[in-house]
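Subject: Structure for your review

Dear colleague,

Please find below the structure that I would like to hand over to you.

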Amino acid sequence: MADATTYPVNLTNCGVEISVASAPEQTVTVGQSATEILYSLGLADRVNGTSVWFNPVLPQYAEANDEIERIANDDPSFEAVVNKRPDLVAAQYEWHVGPTGSVASRDQFHELGINTYIMPADCDTKDNSTGDDGTRTAAFSTDSIYKGITELAEIYDVQDAGEVLITDLTAREQRAIDLASSLDLPQDLSAAFWFSSTDLGVSPFVAGQLGAPGYMMEKLGIRNVIESDDEWPTVGWESIARADPDVLVIASMDRRRFPADDIEAKREFLRSDPVTREMNAVKNNRIVEMDAHAMSATMRTIYGLESLAEALSNMSFNE
């Protein structure tokens, strides 16, 4: 068994010094990643409000999640979060709770005696000052996911649960990599990840080299045809079609901020647009649906790695 937490817990979290005097009793999450990690650590009873959802909660936590107020599907207001009287606000993205946070700055919460914690996956090896989605300064690694789990487990004094979760995730990660290694995949297999678009037909948001999809592709021996270091750059369909990726991975989500959030709208566009319908991935139906949440730097990225490896195992590349 791991040692019990010694309070206060003092951490440098995304460049900000925080000190947690005791295990938080009430937590509001701003982002699905923080929510699901807390549930996975057995801490659903410490969560009294959630927000910012892309996909349904993991099935094993559906019953617990139903008992917790969803403050907002997207960005909550500062007042809505504060009214829940949390001891800690746990956020997935720095752009929600950061220097110019869309919900509030960390200082605004700290002035009210409310601690904040941002998942390290959104700030380690990443510069969020370049815009909403930020730019990776180095490749995303699942080490930042495990760091977040370890630190939250320490904050809530559930280190044993943290170790169990990390052991499970690392094993799943390795199994997915081993599966891909066992396949007779083309040597220069390429792919692109399409998250969404502000409108169908306009330049889509596609995954850059260094984010979570870049990690998946690197681990499975796939070349990303998008060469940007931005997290989600917009790239024209003509450029993507010229690169002609062997596989297209498209995001599935409940969010409906943009028309292309709808997975069926994505599929219909790819089949009907005169540029995209000529791409090899479309003509050969090498299109993989993936939870949008897995395409962000989250615990679910490992689930996405699994689903991509399994999809590749069922594909033919003999054209």
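The notes below set out what was found, beginning with the conventions.

This is a predicted model, in which local features need pLDDT of at least 70 and side-chain atom pairs count only at pLDDT 80 or more, while totals for chains, interfaces and linings use all residues. Residues are numbered from 1 along each chain as its sequence is written, and side-chain values use heavy atoms, with hydrogens and water left out.

Helices (H or I, at least four residues) and strands (E, at least two) are DSSP runs, numbered from the N terminus. An open sheet is formed by 5 strands in the order β5-β4-β3-β6-β7, and their pairing is parallel; two strands pair if DSSP finds at least two bridges between them. At the edges stand β5 (70-72) and β7 (115-118), each of which pairs on one side only. From one strand to the next, the twist averages 20 degrees. Strand β6 (residues 88-91) is joined to β7 in the parallel sense over 4 bridges, and A90 stands opposite Y117 in β7.

Helix α1 (residues 32-40) packs on this sheet and touches β3 (27-30), β4 (47-51) and β6. The direction of α1 makes about 150 degrees with that of β4; axes are lines fitted to C-alpha atoms, for helices over the stretch in contact, and angles run from 0 to 180 degrees between N-to-C directions. Because 9 of the 9 residues of α1 are buried, the helix is largely enclosed by the rest of the structure. Buried means under 20% relative accessible area, exposed over 50%, and partly exposed in between (1.4 Å probe, protein chains only). The buried residues of α1 include Q32, E36 and Y39. Just after α1, G42 takes a positive phi of about 75 degrees.

The packing of α7 and α12

Helix α7 (residues 212-220) and helix α12 (residues 300-313) pack at an angle of about 45 degrees, and their axes are 10 Å apart. The two helices are therefore oblique to each other; angles under 35 degrees count as roughly parallel, over 145 as roughly antiparallel, 65 to 115 as roughly perpendicular and the rest as oblique. From α7, the contact (heavy atoms within 4.5 Å) is made by A212, Y215, M216, K219 and L220. From α12, T301, I302, G304, L305, L308, A309 and L312 take part.

S296 is found in the loop between α11 (292-295) and α12. With 6% relative accessibility, S296 counts as buried. Leaving aside residues up to four places away in sequence, S296 touches Q92, Y93, A212 and T301.

Backbone points to check

The peptide bond from Y7 to P8 is cis, with omega near 5 degrees, and P8 has its place in the segment before β1 (9-13).

Two residues other than glycine have a positive phi: near 60 degrees for D157 and near 45 degrees for D244. D157 is found in the loop between α5 (143-155) and α6 (159-182), and D157 is partly exposed, with a relative accessible area of 35%. D244 lies in the loop between α8 (237-243) and β13 (247-252). For D244 the relative accessible area is 23%, which makes this residue partly exposed as well.

With kind regards
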